[in-house]
Number of protein chains: 2
Amino acid sequence: MGKCEQCIIKQFNSMKTLSKDELMRISECKTSRKIKKGEVIFEEGEVINGVYCIKNGICKLSKLSENGKDQIVKMVVKGQLLGQRSLITDECSNLQAVALCDMEVCFIPKNEIMADLENNLKFSLDVLKVMARDLRESDNIIVNMAQKTVRKRLADVLIYLQNSFGVNADGTLSVLLSREDYANIVGTATESAIRIISQFKKENLISTKGKYIKIEDLAGLKRVE
Amino acid sequence: MGKCEQCIIKQFNSMKTLSKDELMRISECKTSRKIKKGEVIFEEGEVINGVYCIKNGICKLSKLSENGKDQIVKMVVKGQLLGQRSLITDECSNLQAVALCDMEVCFIPKNEIMADLENNLKFSLDVLKVMARDLRESDNIIVNMAQKTVRKRLADVLIYLQNSFGVNADGTLSVLLSREDYANIVGTATESAIRIISQFKKENLISTKGKYIKIEDLAGLKRVE
DNA sequence: AAAGAAATATGACCAAAATCATAAATCTTC
DNA sequence: GAAGATTTATGATTTTGGTCATATTTCTTT
C-alpha cells in the first residue's frame with residue numbers, strides 16, 4: 001500500500017498543506033479500497049466515519065427526492081476529497097455517493113483527519129477555501145435550475161463535462177453517463193433528456209456512439225438558449 | 001457606537017469564539033451603519049472589503065440570471081455574518097444583498113477578520129462549520145428546485161419563513177416579502193406566484209391582509225404536493 | 001384628497017416538459 | 001448465441017407553468 005507522504009494525489013486537495021509527519025501518521029491508519037463501477041461508496045443517511053481521498057476515477061453525489069427521483073448534486077473526481085462536509089458538521093451523510101467508473105480510494109478515519117483539522121490552521125483554512133468555492137458553485141446551480149430551460153441546462157452540462165473531465169482519444173466525453181444520469185443532473189425526466197440529446201444530434205451539435213457523446217460544435221452548444 | 005466585546009449579537013455567529021482582546025481590536029475598526037428597507041448592501045460583482053455582522057433586520061441574497069430574473073438564493077438574518085464566503089475565496093461577491101426591512105449592521109474590514117481567521121483556529125473551525133451547514137442547505141435547495149412543483153416549493157417557502165423567522169402578534173409572517181420576492185425565491189414568474197398564493201387562500205391554507213400572509217392551516221400546507 | 005405609480009389579481013393563450021405507451025437497440029447471463 | 005433484462009428512442013397526450021393583456025387594489029407624492 002502506497003504512502004501518503006509520497007502520494008502525488010495529495011497535491012490536488014487540502015492534504016497538500018499537511019506536514020510530512022502528519023501525512024506519515026495518516027498513512028499508518030488509512031485503508032485503500034477498490035470500488036467497482038456502479039458500487040455505492042456511501043448511502044444517504046449513513047454515518048461516514050472519515051473521508052475518502054480519490055486516487056482514481058469519478059463518482060456522483062446524489063440525493064433521493066420525495067418524488068422518487070435521484071438528483072445528482074455534484075461529481076467528485078480523482079484528486080478530491082469526499083465526505084468532508086459531513087465530517088465537519090458531525091452529521092450523517094446528506095448525499096449518496098456512487099462510482100461512475102472503477103475507482104481507487106483511500107479511506108482516512110475521522111479521528112485522524114479531525115486531529116489535523118483541529119491542530120493545523122493551514123489545513124483547516126484550505127478546507128474552508130474549498131468549501132467556500134463549493135458553496136458558490138451550489139448557489140450558481142440553484143440559479144440555473146430555477147431560471148434556465150432543460151435544453152439550456154443539458155447543453156451546459158455537456159460543456160461542463162468536457163471542460164472539467166476532458167475527452168477520450170476519439171474526442172468523446174471521458175465521463176460515461178447513462179441518459180438517466182444526464183436527466184438526474186439536469187433535473188428532468190429521462191425521456192426528456194433522451195429527446196433533447198437526440199435533438200442536439202439532429203442539429204449536429206453533438207454525435208453519439210452508443211452511450212458515448214462527442215461535442216461536435218462547442219460554439220453552437222454554447223449558443224443554445 | 002457599541003463595543004463588540006459587549007455586543008450580544010456575537011453569541012449567534014462565529015464571533016463568539018473570539019477572545020476579548022480580539023473583539024476589542026475588531027471593535028476599534030468596525031463601522032456601524034443603518035440601512036433602509038430596499039437599499040442595496042452590496043452588488044453582485046462588487047469587491048466587498050470585509051464582512052457585515054447583522055445587528056438587526058433581514059436581507060436577501062440574490063443573483064441575476066441571464067433571463068433577466070433575480071433568483072433569491074438565501075436570506076440572512078439578525079445575528080448572522082454576511083459576506084464571509086467572498087472574503088475566504090478572495091473574490092468579488094457572487095450575489096447581491098438587499099435589505100428586506102430597515103437594518104443595522106456593523107462592517108468589519110477584511111484585514112481584521114482575516115487576521116483572526118489566520119490566527120485563531122477555533123474561529124476558523126466555527127466559520128468552517130457554518131459554511132458546511134450552508135452547503136448542505138444549498139444542496140437541498142438544488143434537489144427541491146429540480147424535483148418539486150412550483151406549488152410545492154411555494155408551500156415549503158411559507159413554512160420555512162414561519163419556522164425560521166417567526167410571526168407577528170397577529171400571526172402573520174414577520175418577514176414581509178413582495179409577491180415578486182416569493183416568485184424569485186421559488187424560481188417562477190411573478191404571476192404564477194400570485195396565482196398560487198390566491199389558490200392557497202381559496203383553499204383556506206393561508207389568509208392575507210395586503211402584503212401580509214398568515215398560515216391558517218400548517219398541516220394542510222405541509223400536505224401540498 | 002386626487003393623481004400617478006406600483007403591486008396585486010385574473011383571464012386567455014402558448015410553450016415546455018411530464019407522463020404514458022410502445023418499439024428498437026444494447027447489454028447480461030446462462 | 002438465444003432469452004431476458006435494461007437502456008435508448010420516439011410518438012401521443014396531458015399537465016404545468018410562462019407570457020401577454022388588462023383590471024383592480026394599494027401605496028406615494030403632491
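**Entry 1: the interface**

I started with the interface: chain B and chain A bury about 4,000 Å² between them, with 66% of it on carbon and sulfur atoms. Buried area here is the accessible area (1.4 Å probe) that two parts lose on being put together, summed over both. I then looked up which three residues supply more than any other three of the area that chain B buries against chain A: B:Leu128, B:Ile142 and B:Gln147, with 17%.

Before going on, I noted that this is a predicted model, where local features need pLDDT of at least 70, side-chain atom pairs count only at pLDDT 80 or more, and totals for chains, interfaces and linings use all residues. Residues are numbered from 1 along each chain as its sequence is written, chains are lettered from A and ligands numbered from 1 in the order in which they are written, and side-chain values use heavy atoms, with hydrogens and water left out.

**Entry 2: contacts across it**

I got 42 residues of chain B in contact with 42 residues of chain A, contact being heavy atoms within 4.5 Å. The rule gives four salt bridges across the interface, each a side-chain nitrogen of Lys or Arg within 4 Å of a carboxyl oxygen of Asp or Glu. I checked A:Arg136, which forms a salt bridge with B:Glu91; the closest N and O atoms are 2.0 Å apart.

Which elements of chain B each supply at least two residues of the side that touches chain A? I found strand 5 (70-77), helix 2 (84-89), helix 3 (110-119) and helix 4 (121-147). These are DSSP runs numbered from the N terminus (helices H or I, at least four residues; strands E, at least two). Helix 4 of chain B gives the most, with 21 residues. By type, I have 16 nonpolar, 12 polar and 14 charged residues on the side of chain B that touches chain A. Ala, Val, Leu, Ile, Met, Phe, Trp, Tyr, Cys and Pro count as nonpolar, Asp, Glu, Lys and Arg as charged, and the others, Gly among them, as polar.

**Entry 3: symmetry**

I superposed chain B on chain A with a rotation of 180° and 0.0 Å of shift along its axis (RMSD 0.0 Å). The two copies are thus related as by a two-fold rotation axis.

**Entry 4**

I traced an open sheet of four strands in chain A, order 1-8-3-6, with antiparallel pairing; strands pair if DSSP finds at least two bridges between them. Its edge strands are strand 1 (31-35) and strand 6 (81-82), each pairing on one side only. Strand 3 (residues 50-56) of chain A pairs with strand 6 over two bridges, and A:Tyr52 stands opposite A:Leu82.

Definitions and conventions. Copies are superposed by least squares on the C-alpha atoms of residues with pLDDT of at least 70 in both.
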